[in-house]
Structure formats: C-alpha cells, structure tokens
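Q: Hi! Could you walk me through this structure while I have it open?
A: Happy to, let's have a look.

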Amino acid sequence: MKQKIFAICDMEEGYAVRLSEYILDKVRLPYTLHLFTKVEELQKFAGQEEIAVLVISESALRMLREEYVRRQVAQMFVLQEDEGLREREADGLSCGNESGSTDGKQPMAEDKLHYISKFQSPEQIVTILTESITNLSDWKIRTTAESTDMKLIGIYTPVKRCLQTSFAITMGQILAKEHRVLYFNFENYSGFGQMLKREFAMDMIDLMYYFRCDKEKLALRLPAVTQNMNGLDYIPPMQSYAGRREVTGEEWLELCRCIAGIGQYEYIILDLDDSMDGLFDLLRSCYKIYTITREDGFAVAKINQYEQILQFHEMEEIAAKTVKCRFPVFKDITVDLNLMTHGELAGYVKAIIREDLYGK
C-alpha cells in the first residue's frame with residue numbers, strides 16, 4: 001500500500017526546515033513528509049498526488065489556487081501570520097486568496113481546515129496537529145506487549161536518600177548506548193527541571209491524559225512528550241504529584257504495554273516511589289527489580305519490613321526478581337544528569353549490567 005503524504009509549505013525556508021526537522025525527530029508519522037518552500041512546487045505536486053495532511057503558512061495559502069486545495073488535500077492546517085485570517089475564519093469564508101473570494105467554488109469543509117498560530121513553540125504546534133489529525137485508519141499499532149521483547153526494569157527501595165534515582169539514570173544511560181531505553185520517574189518532587197535547567201511544556205500526566213483520550217494516537221504523541229539526556233529518552237516527571245493520585249498502577253502498566261506495542265523501546269526503566277498507587281502491580285510486571293540497601297539500623301529495619309509485607313501478601317515473585325544492591329562509599333558522584341555514565345557509580349552499574357542483565 002502506498003504511504004500517505006504529509007506536506008509542509010512555508011516560504012520562510014528557515015522556519016519550514018526547523019519545523020520539518022522537529023516533526024521528523026519527535027513524531028512517528030504514518031506518512032511520507034514532503035517540504036516545499038515555493039508555492040509553485042507544491043501546486044505542481046498537488047496536481048499529481050493526493051495529500052493527506054498539508055501544513056501551510058497563511059501567506060503561501062493566499063498564493064495557492066483553491067482548486068488544488070479542495071481536490072487534493074484531505075486535511076489542511078493553516079499557520080496564521082496575522083489577525084485577518086481569524087476574521088475570515090469567523091465569517092466562514094474560504095482562504096483561496098487575499099480578498100476571500102472563492103470564485104464560485106465551495107470552501108473546504110470545516111473538518112478539513114484548521115488554524116494554528118505560527119508563532120508558538122514547535123511542541124505546541126505538534127500537539128495541535130496530533131490531536132486534530134482525523135484519519136489514521138490505515139495505520140494500526142499494536143496495543144499489547146505480547147509480541148515484543150521489551151522489558152520493564154523496576155528500581156525501588158523503601159530506604160531514602162540512597163542514590164536510587166542516580167542509579168536508575170546511570171543504568172538507563174549505560175543501556176542506551178546499545179539499546180533503546182525509556183525512563184520514567186515517579187517521585188513526588190524529582191527536581192528534574194532545576195537539575196537540567198529546563199522547563200517542560202508537557203510531562204507524565206499529559207502523556208497519560210493523551211493515552212486515556214485516544215490510545216490509537218499514542219505513537220504520534222509519545223515522541224512529542226519525550227525528552228533526551230545523554231542518549232536516554234525520558235518522560236518529564238510530574239510537576240505536581242496531586243494529578244498522580246488519580247492514576248492507578250494498572251493504568252501506568254497499560255501505558256507501558258502500549259508503548260511496548262509501538263516497538264520503539266527495548267527497555268523501560270521505572271524509578272518507583274512508595275507513595276504511588278499500584279506500586280506492587282508495577283513491580284510484579286517487571287523483568288528485574290533493583291533494591292538498594294544500606295547497613296545502618298533504620299535501613300535494615302525498613303528492608304525487613306518491606307520483605308515481610310511481600311511475604312504476608314504472597315508476593316514472593318517480587319522478591320524472586322529482586323536484586324539487592326549495597327553500594328560502597330563513593331568519593332565523587334556527579335550532579336550533572338548528562339554525565340552519569342562517568343565516575344565510580346557508573347563503574348559499579350556497568351558491572352551489574354554485565355553480570356545480571358547480560359549474564360557475563
């Protein structure tokens with residue numbers, strides 16, 4: 001079956017190229033992407049090919065003959081450059097030319113025509129696109145992990161301030177050198193934004209919202225939310241833990257299964273917190289669990305109580321998949337989250353991966 005076409009047309013070449021690169025990098029489109037910086041080239045192309053989705057600047061649309069838009073484009077997104085277009089939209093007029101005249105032709109149906117402000121972040125533009133694209137009937141994604149080899153790795157300990165997150169990120173970045181890895185952090189207060197000196201437009205709760213609304217579009221929306229640090233893909237942690245209370249462990253597990261069904265990742269690392277709902281549901285589904293211990297009295301008591309709870313609730317399968325890690329005293333641990341593959345902790349984690357995951 002011939003793949004459908006996604007086209008971008010903007011006479012501002014730098015903008016068009018940046019938007020195209022962002023979409024290619026962040027969105028797993030079920031289309032072939034074509035970029036046009038001259039209206040004449042798009043017009044010629046539209047005379048020969050049907051276009052499933054067209055993203056076009058307002059100024060380029062004014063120069064494009066209406067007949068090609070109406071006949072050859074299934075769905076069109078107009079990048080607004082001034083307020084005039086919004087007024088014409090409110091009046092229900094076509095965008096065929098500057099005057100708004102349709103030369104007797106019928107305007108495009110409203111479900112085919114959408115307006116987006118051009119001067120906003122590419123993340124926002126892509127979010128609007130993925131929410132508004134209507135026809136994905138030819139693009140089916142698997143929604144279970146049964147036919148994939150993706151593995152869930154759980155990192156959890158009842159002991160606090162024991163380098164759990166440093167361990168999880170280090171393992172993720174090391175594995176990401178040879179595998180496709182995605183990292184989730186479930187802490188109430190992760191501090192990621194400050195540590196990475198970044199602000200995130202979307203986080204885990206946004207991804208869950210999109211997932212609940214339309215699972216079939218998960219493969220489109222996942223890359224738009226995903227960020228990367230030193231080769232490791234991650235979903236930004238929740239800015240507020242209040243929203244997490246409304247998400248069950250089964251929902252997080254279902255999300256992971258659907259991500260596995262997309263086939264993009266080989267490992268998902270779950271940096272878990274005991275305040276989350278469904279902690280044990282997620283631990284049960286993990287291929288391997290790493291629990292960090294310490295020698296002091298409180299740490300030993302907490303680990304013993306945790307293991308007693310597992311035994312009392314007959315969750316021996318969690319204990320059977322658990323590897324206890326007791327760290328030596330590290331003299332120097334980096335605080336740069338983009339450099340976790342260097343240093344003493346990294347050497348320790350590399351040994352664990354070789355011996356435990358790879359069996360070497």
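Predicted model: local features only at pLDDT ≥ 70, side-chain atom pairs only at ≥ 80, totals over all residues.

Q: OK, so what span should helix 7 have, and how far apart are its end C-alpha atoms?
A: Helix 7 covers residues 164–175, which is 12 residues, so it should span 16 Å at 1.5 Å a residue. Its end C-alpha atoms are 16 Å apart, which agrees.

Q: Is helix 7 mostly covered or mostly exposed, and how many of its residues are buried?
A: Mostly covered: 12 of its 12 residues are buried. Among them are Phe167, Ile169, Met171 and Leu175, along with Gln164 and Gln173.

Q: In what sense do strand 7 and strand 9 pair?
A: Strand 7 (residues 181–185) and strand 9 (residues 232–234) pair in the parallel sense, over 2 bridges. Leucine 182 has aspartate 233 of strand 9 as its bridge partner.

Q: What about the sheet of 5 strands, what's its order?
A: That open sheet runs 2-1-3-4-5, with parallel pairing. Its edge strands are strand 2 (31–36) and strand 5 (113–117). Strand 1 (residues 4–9) is joined to strand 2 by 6 bridges, and cysteine 9 stands opposite phenylalanine 36 in strand 2.

Q: Which strands do helix 1 and helix 6 lie across?
A: Helix 1 (residues 13–26) lies across strands 1, 2, 3 and 4, at about 165 degrees to strand 2. Helix 6 (residues 122–132) lies across strands 1, 3, 4 and 5, at about 165 degrees to strand 5.

Q: Switching topic: at what angle do helix 9 and helix 10 cross?
A: Roughly 170 degrees, with the axes of helix 9 (residues 204–213) and helix 10 (residues 218–225) coming within 10 Å. Over 145 degrees counts as roughly antiparallel, so helix 9 is roughly antiparallel to helix 10.

Q: Which residues make that contact?
A: Leu207, Tyr210 and Phe211 of helix 9, with Leu218, Arg221, Leu222 and Val225 of helix 10. By class, that is 6 nonpolar, no polar and 1 charged residues.

Technical notes
Residues numbered from 1 in each chain as written. Heavy atoms only, no water. Helix = DSSP H or I, 4+ residues; strand = E, 2+ residues; numbered from the N terminus. Expected span 1.5 Å × (residues − 1). Buried < 20%, exposed > 50% of the residue type's maximum accessible area, 1.4 Å probe, protein only. Pairing = 2+ DSSP bridges. Axes fitted to C-alpha atoms, helices over the stretch in contact; angles between N-to-C directions. Parallel < 35°, antiparallel > 145°, perpendicular 65-115°, else oblique. Contact = heavy atoms within 4.5 Å. Nonpolar A, V, L, I, M, F, W, Y, C, P; charged D, E, K, R; others polar.
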